[in-house]
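Open the structure in a viewer and keep the selection tool at hand. The tour below goes from one selection to the next.

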Amino acid sequence: MNTRRGTILLFRIAGIDLFLHWSWFLVAAIEISDRAKAYSSMSWNVFEYLALFLIVTLHEFGHALACRQVGGTANRIMLWPLGGIAYVDPPVRPGATLWSIAAGPLVNVALVPVLSVLIAFDRSLGWPETMPNAHLLLRSVWYINVGLLTFNLLPIYPLDGGQILRSLLWFVMGRARSLMATTILGFVGVAGLILLALREQSLWLGALSVFILMYCWRGLKSALVLYRLAKVPRREGFACPSCKSAPPIGNYWGCSNCKNPFDTFAGQAVCPNCAKQFSETRCVDCGRQYPFSQWMPEASAAPKIVAHSNVN
């Protein structure tokens with residue numbers, strides 16, 4: 001998804017850009033109007049929606065900062081009407097992926113006692129009688145936070161719960177099988193969400209179901225690619241500096257100049273069709289790019305061709 005098309009850059013914190021999609025304002029106006037009677041003044045509805053904005057932002061920053069903690073890349077977050085997306089790229093390890101995903105819901109978990117203490121404090125001050133709007137706002141924010149936490153932990157890919165399940169299965173089933181199992185479960189879950197959306201006549205839930213369905217389909221295709229890659233022969237003597245995977249043998253790289261596919265390791269990162277030299281080589285397993293020289297260990301023997309048949 002393009003993080004800049006139709007978005008506004010709000011600010012940057014710790015090298016992480018926070019974008020807001022223009023449609024957020026439209027949905028905010030609709031949601032605020034629908035709850036106009038909940039408070040005595042419309043300004044309290046605005047505060048409530050801004051609280052939702054803050055909770056989602058903190059949740060996504062939890063993902064991004066955790067990803068960086070395990071050595072991954074995370075520099076963009078986008079907020080839109082269906083929630084937030086933190087563009088995280090953790091190292092290709094189940095533990096690193098698990099922490100990067102679990103940190104988001106843990107932010108919501110940490111907010112539960114904080115908001116509970118605030119509600120208890122406002123009760124002790126008599127706010128339910130003297131400041132009913134402020135008391136209602138705190139209660140609403142508590143329910144919003146718990147609701148977001150509960151929904152995100154559903155074991156439906158690509159929700160956090162589905163991705164946490166995938167990371168746990170990765171330890172015992174491998175990378176490809178865990179993604180395949182999780183996306184299949186995601187299709188079952190999204191079918192249930194679609195039925196619920198039709199029953200409740202919820203446009204928001206219907207749109208969210210379509211979004212989840214698209215990501216499940218993408219995840220299924222990625223799992224099939226991982227299955228195929230796991231069965232192709234690999235070049236021993238080369239290894240990705242990040243995920244340590246040996247590169248596959250075959251035309252898995254494309255030339256940006258002549259558009260022809262080629263095997264970059266067969267010609268030392270030079271396209272055999274147009275002789276274009278590439279300064280960096282992309283790993284087909286983890287997607288990261290490094291100079292060609294970094295793919296060869298300092299004391300490696302002459303590269304050998306080996307076959308791998310295990311599905312990871």
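**Stop 1: salt bridges**

Select Arg288 and Asp89: they form a salt bridge, with the closest N and O atoms 3.4 Å apart. A salt bridge here is a side-chain nitrogen of Lys or Arg within 4 Å of a carboxyl oxygen of Asp or Glu. This is a predicted model, in which local features need pLDDT of at least 70 and side-chain atom pairs count only at pLDDT 80 or more, while totals for chains, interfaces and linings use all residues. Residues are numbered from 1 along each chain as its sequence is written, and side-chain values use heavy atoms, leaving out hydrogens and water.

Arg288 sits in the loop between strand S8 (280-282) and strand S9 (289-291), and Asp89 in strand S4, 199 residues apart. Strands (E, at least two residues) and helices (H or I, at least four) are DSSP runs, numbered from the N terminus. Arg288 counts as buried because its relative accessibility is 13%; Asp89, at 30%, counts as partly exposed. Buried means under 20% relative accessible area, exposed over 50%, partly exposed in between (1.4 Å probe, protein chains only).

Next, select Asp285 and Arg234, a salt bridge whose closest N and O atoms are 2.7 Å apart. Asp285 is in the loop between S8 and S9, and Arg234 in strand S5 (residues 234-236).

**Stop 2: the largest core**

Now select Met78, Ile85, Phe211 and Ile212, the residues with the most contacts inside the largest nonpolar core, which has 23 residues. Such a core is a set of buried Ala, Val, Leu, Ile, Met, Phe, Trp, Tyr and Cys residues joined through side-chain atoms within 4.5 Å. Helix H8 (203-231) is one of the contributing elements, and its 9 residues are the largest share.
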